[in-house]
Amino acid sequence: MGTTPSAPKLNGTHIRKGDTVRLSWRSNCGVYGTWKKDEKVLAHGGRVSISHKDFKHFSLEVKDARQEDEGNYTLELSNRKARVSGSAAVTLLEFDTEWRGLFLAETDEVKKTLEAFKVSNSEVRCLRFLLQGPVGVGKSSIINTINSVFQGQMVNLTPTDAATGKSHTIAYQAYPIEDAQKKSLPFVFNDIMGLENEKESGALIADIISALKGRVKDGYKFNASSALTETDFHYNSAPSLADKVHCLVTVIHANNIFLFTEEDDAIQKMKQVRKAARDLGVPDVVFMTHVDHCCPLVKKDLNNIYLSKRIKAAMQRCSDLVGVPMNCIFPVKNYHQETKGDAKTECLILHALDKAVKSADDFVRVKSSN
Ligand SMILES: Nc1nc2c(ncn2[C@@H]2O[C@H](COP(=O)(O)OP(=O)(O)O)[C@@H](O)[C@H]2O)c(=O)[nH]1
Ligand SMILES: [Mg+2]
């Protein structure tokens with residue numbers, strides 16, 4: 001025991017409830033070892049197995065992992081020469097119970113209510129939703145997914161694209177939502193060019209704000225270098241309440257949100273647009289897409305959405321960065337490669353849409369065109 005031991009390097013893990021926590025280290029020399037969890041010494045017995053072979057091979061197993069096993073695990077090694085230690089975090093992927101209900105059984109009810117929905121202000125035939133968010137987050141896919149849900153088959157009304165990193169949606173266009181009989185439901189979505197993370201590309205904030213006010217006519221081609229002006233053919237100088245946006249939908253990628261900081265241009269742009277909406281009294285919600293990319297539990301089964309700690313952390317990150325309260329953030333998964341519909345996908349998108357519709361309807365109820 002005359003050699004100085006190297007500090008143990010333990011691998012942190014994310015595990016499921018019921019799994020076995022496994023941590024191990026092979027020392028470069030003979031040493032005495034002690035395992036600790038959150039600074040408390042662990043003893044062999046029960047669900048905990050500790051093995052120290054030849055004073056060199058150190059391993060710890062905790063079977064049937066539970067909430068209480070989450071924490072910081074440390075291996076301390078010592079001999080006459082030195083005392084060293086290394087730590088790793090063990091995190092459970094899921095909570096013990098859902099922190100928000102999925103309400104799968106209510107999906108049909110919500111769908112029927114939306115199919116029969118009538119706008120409460122007779123001046124407005126269709127509630128208008130404006131989708132904002134960086135390129136590739138799934139704005140076009142949201143429109144396609146909602147249409148697929150109501151039409152009972154996969155719909156690709158708006159082109160989707162991520163590979164180029166540039167926005168596919170150039171012209172301002174209102175997309176209707178139709179049911180299986182091709183009857184229009186009283187909802188339209190405007191999908192705008194992505195808010196790329198560079199100052200020089202994507203729609204200008206001024207244009208998005210004009211869109212909120214109903215000043216941008218269909219067919220307007222966003223131009224990253226100059227904003228729409230009053231003399232433009234596509235400028236609506238006297239927008240009615242029906243032309244205005246009734247609810248802003250900020251779309252955020254569940255996984256990529258962890259890569260953004262408050263200083264990023266895309267975050268700043270989304271906040272500016274939200275502020276403009278707030279100043280106009282327009283309600284706003286967040287649809288958090290790509291939940292299947294964000295958490296293995298959710299990729300396996302969407303039922304785990306409100307059990308997943310990673311999804312809750314992503315929602316919290318959206319809330320912190322963009323400033324939207326948690327109860328206005330809706331995790332959704334878009335159809336992207338499926339050929340048939342799926343009840344859980346429908347459930348998430350319909351509950352999100354239902355909230356957006358109620359908010360939009362509250363907005364138009366108290367307004368008139370004048
Ligand atoms: N796995 C997965 N892929 C998605 C999801 N939403 C969109 N996509 C894919 O992401 C890419 C970008 O989507 P798109 O709708 O074009 O994004 P946009 O630029 O915001 O309009 C496309 O390849 C979509 O098929 C989702 O929730 N999960
Ligand atoms: Mg698009």
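Is R22 buried or exposed? In this predicted model, R22 is exposed, its relative accessible area being 54%. The side chain of R22 takes part in a salt bridge with that of E61, with an N to O distance of 3.2 Å. Because E61 belongs to strand β6 (residues 57–62) and R22 to strand β2 (residues 21–26), this pair ties together parts that lie 39 residues apart in sequence. E61 itself is partly exposed, with a relative accessible area of 25%, and a network of salt bridges links R22, E61 and K63.

The structure holds 19 salt bridges, among them the one between the side chains of D279 and K275, for which the N to O distance is 2.9 Å. D279 is exposed, at 57% relative accessible area, whereas K275 counts as partly exposed at 44%.

A further salt bridge is formed by K344 and D301, whose closest N and O atoms are 3.0 Å apart. Since K344 is located in helix α8 (residues 343–365) and D301 in the loop between α6 (296–300) and α7 (309–322), the pair ties together parts that are 43 residues apart in sequence. K344 is partly exposed, with a relative accessible area of 23%, and D301 likewise counts as partly exposed, at 25%.

Q132 is buried, with a relative accessible area of 0%, and its side chain is joined to that of T250 by a polar contact of 2.9 Å.

Definitions and conventions:
Residues are numbered from 1 along each chain as its sequence is written. Chains are lettered from A and ligands numbered from 1 in the order in which they are written. This is a predicted model: local features need pLDDT of at least 70, side-chain atom pairs count only at pLDDT 80 or more; totals for chains, interfaces and linings use all residues. Side-chain values use heavy atoms; hydrogens and water are left out. Buried means under 20% relative accessible area, exposed over 50%, partly exposed in between (1.4 Å probe, protein chains only). A polar contact is a pair of N or O atoms within 3.5 Å; within protein, one must be able to donate a hydrogen and the other to accept it, and residues adjacent in sequence count only if both atoms are side-chain atoms. A salt bridge is a side-chain nitrogen of Lys or Arg within 4 Å of a carboxyl oxygen of Asp or Glu. Helices (H or I, at least four residues) and strands (E, at least two) are DSSP runs, numbered from the N terminus.
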